[in-house]
Amino acid sequence: MKILYVEDDARDADITLRMMRKTAPHLQFESVSSINAARERLDHLSAAPLDLVLTDMRLRDGDGLSLLKHIRENDLPLAVIVITGSGDEETAVAALKARADDYVVKSKDYLKELPVTLESALNHYRAGAARRVPLQVLYAESDLADVESTRVHFATNAPHLRLNVVFSGRDVLAALGKNSGGPRYDVLLMTVDLPDISAIEVLREIDGTLKQDLPVVLLCRVEDVEIARQGQKLGAANYVLKNPGYLYELPLQIEDAHAHAELKRRESELQRSEDRNRALLSAIPDLMFVLTSEGTYLDYHAKTDELLFMPPEEFLGKKVSDVMPPDVATQFYNVFAHASDKPSLLEYKLPRPDGDHYYEASVVTCEGDKLLAIVRDITERKLAEESLKSALAEVQQLKDRLHEENIYLQEEIRVASDFGEIIGQSEALRKALRQAEKVAPLDTTVLVLGETGTGKELLAHAIHRHSSRKKHPLVKVNCAALPGPLIESELFGHEKGAYTGAETRRLGRFALADGGTLFLDEVGELPLDLQTKLLRVLEEGEFEMLGSSHTMKVDVRLIAATNRNLSEAVTRGTFRSDLYYRLSIFPIVMPPLRERPEDIRVLAAHFVKQLSAKLGKQIESIPQNAINVLQNYDWPGNVRELRNVIERAVIVTQGSKLQLTDTFDRSTLTDESLTADQDQDIEDETLEQSEYRLILRILKKVHWRVEGPGGAAELLDVHASTLRSRMRKLGINRPKVQAADENG
């Protein structure tokens, strides 16, 4: 507190200042010795503010009362205390009437009480200043003398109360009416004995018709006190009796009425604000916690306590580390250490009776040294994100699968287009096609048997096209074209790093064929260890990719094909019997071309037409002698071999008739194609000739397989090298056409 001390007695001033420095060092004093010096100091009040003036009443160049009036008349924002001598009560009363905040009598121990008096006076001044805000007062009074005296008194002692005078009840209602256009009033000062409408009726109109919440102070004489009390029941704040000196009481009553009304309005607004805030908070699903900077829970807000991790009594007053799991508490303390007025976010997980819940906390500083944590349950969002990630992963997987299917199908289209449709009218072929037609609509596993080049793959395509899976791909794997390890990867796929060279994850053919058909060509060449895995897929519909422990489920129909005798392979132990029986539920045998010679003409015509268009030729016919040669050949390579022969003929043909260029020597023609002059009586044959015919017949029977199970060497019971030596000596050579297509 900064105080200007006005005292012309140097001894009193010195004693007072030394005592104050000792007992109240927080008080800062400036000392002057005259009224003029005090006024000069007050002229610099804006540059060097003061809080209070302590002035002696008797000074050489005037008195303290004149200094007090100067301060009040110029509205200087200062509390004032005057110091009087003992027995000078009249001077003290005059000072109070001039609006001094207090007075001090120079008694024996007055300096001991002076600090308390100074503090009290400053508080009194500040309270009074707060009350002395300008107020618009509607003054209803019919007695002109009372009006004049009230005006004079207020102008001198309460200039902040600005009176607007009316003389009747009707004037009051008109002034307060909505359409009056008059000023807004803070207080109504009204005498109870108005000439036209009584004060009681005015109060009823204000409350009932005008709906105004206006504080009212009533004026009455002693005989009208009962009416004033009725007015209080109708809403008047208070009443003042018109006794001598009542004008000094009146400003305080007006200020109190306004203060109480203002307090009531503010309380009402505060209540509305609290109700609104409470409604807003209740509508917010987030949890809110107020904590100390050390992490102690002080308060909370929750829409319902069921949303809390635990009941309030179990965490209020405790630290985060006492109620949270250790890992979550550590995360919170890390955020607390860096908290500021900008939100710091933290995601964490807590176990709840209905499962794990995910939360997001936003932490900011508040009230200086406290923390506010706004916590939101984001479980649904996290689950949605996980679901979205899973969906995106599935979409990516399907995209990758579609990409691989497209690559695969492009290759398959090129292969399939080389064969065209299955051509032929022979009974043997028609029997196989009838079987395929019956089994195609079902999901039954099919085993297609037949020699190489008989069209086993074409039959598999036909079965797939006539099945319910035709909208899904037919995926092909040639089990004889790849070594064992690569076959497993090709069938079941592999994860990245499953083996050397596996740089990316790749889906297998079973995954690509999910919902469709898988065609295993040359299934008899499948290694034994993979046969077990294949059997599991067929029986359970599940497998694991190489390098993965995750089981994949698939829905695949299997069509297998082989040119081997699987029953003999089972006997030799090179093929699992359980897989053989699982594959051979519905076997279909594709007949070799030598058993359907009637189809050779139509097949040849089909290939000529197809290849002519492809090679830009204009071949319109096939000579009969060429047909005879083709029909008399044994065709160990079957339809594939025939197509190769026709393609070579189309390439060399110059005109419109097909020129067959392949030479079919005696080793390639059937016995029926030999002319009568070539036949010799067996009885006239030499041993060498008989050996030639025997070896040739056996080789044709086994399709020129020299060694291995079922080979010519095994049937002739000789070593393979011995047989090759005899073939060279007798001039037995494998047909050129077959040799050219031996890998077909």
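## Terms and values in a predicted model

Q: Where is the place of Ala 175?
A: Ala 175 has its place in helix α7, which spans residues 169–176. Helices are DSSP runs of H or I with at least four residues, strands are runs of E with at least two, and both are numbered from the N terminus. The model is a predicted one, in which local features need pLDDT of at least 70 and side-chain atom pairs count only at pLDDT 80 or more, while totals for chains, interfaces and linings use all residues. Residues are numbered from 1 along each chain as its sequence is written, and side-chain values use heavy atoms, with hydrogens and water left out.

Q: Why is Ala 175 called buried?
A: The relative accessible area of Ala 175 is 17%. Buried means under 20%, exposed over 50% and partly exposed in between (1.4 Å probe, protein chains only), so Ala 175 is classed as buried.

Q: What makes Arg 376 partly exposed?
A: Arg 376 has a relative accessibility of 43% and therefore counts as partly exposed. This residue belongs to strand β17, residues 370–377. The C-alpha atoms of Arg 376 and Ser 362 are 8.6 Å apart, with a chain separation of 14 residues.

Q: How do you know that α2 and α3 are roughly parallel to each other?
A: The axes of α2 (residues 35–42) and α3 (residues 64–73) cross at roughly 20° and come within 10 Å. Axes are lines fitted to C-alpha atoms, for helices over the stretch in contact, and angles run from 0 to 180 degrees between N-to-C directions. Angles under 35 degrees count as roughly parallel, over 145 as roughly antiparallel, 65 to 115 as roughly perpendicular and the rest as oblique. The two helices are therefore roughly parallel. Their crossing is right-handed; a crossing has that name if the near helix is turned clockwise from the far one by less than a right angle, and is left-handed if anticlockwise.

Q: Why is α21 called oblique to α23?
A: Helix α21 (residues 600–615) and helix α23 (residues 638–652) pack at an angle of about 50°, and their axes are 9 Å apart. That angle makes α21 oblique to α23. The crossing of α21 and α23 is right-handed.

Q: What makes the phi of Glu 522 worth a remark?
A: Most residues other than glycine have a negative phi. Glu 522 is not a glycine, yet its phi is positive, near 55°. It sits in the loop between β22 (517–521) and α18 (528–540), and it counts as buried because its relative accessibility is 13%. His 703 also has a positive phi, about 60°, without being a glycine. His 703 is in the loop between α24 (687–701) and α25 (712–716) and, at 22% relative accessibility, counts as partly exposed.

Q: How do you know that Asp 14 forms a salt bridge with Arg 18?
A: Side chains of opposite charge can pair when their charged atoms come close. The term requires a side-chain nitrogen of Lys or Arg within 4 Å of a carboxyl oxygen of Asp or Glu. The closest N and O atoms of Asp 14 and Arg 18 are 3.0 Å apart, and the pair forms a salt bridge. Both residues belong to helix α1 (residues 10–23) and stand four residues apart, which means about one helical turn. Asp 14 is partly exposed at 39%, and Arg 18 is partly exposed at 46%.

Q: Why is Glu 490 said to form a salt bridge with Arg 506?
A: The closest N and O atoms of Glu 490 and Arg 506 are 3.9 Å apart, and the two form a salt bridge. This pair links distant parts of the chain, 16 residues apart: Glu 490 in helix α16 (residues 484–492) and Arg 506 in strand β21 (residues 506–507). Glu 490 is buried at 15%, whereas Arg 506 is partly exposed at 38%.

Q: How many salt bridges does the rule count?
A: The count comes to 41 salt bridges. One of them joins Arg 434 and Glu 427, with closest N and O atoms 2.7 Å apart. Arg 434, at 37%, is partly exposed, and Glu 427, at 48%, is partly exposed. Glu 141, Asp 143, Asp 146, Arg 221 and Lys 242 are linked in a network of salt bridges.
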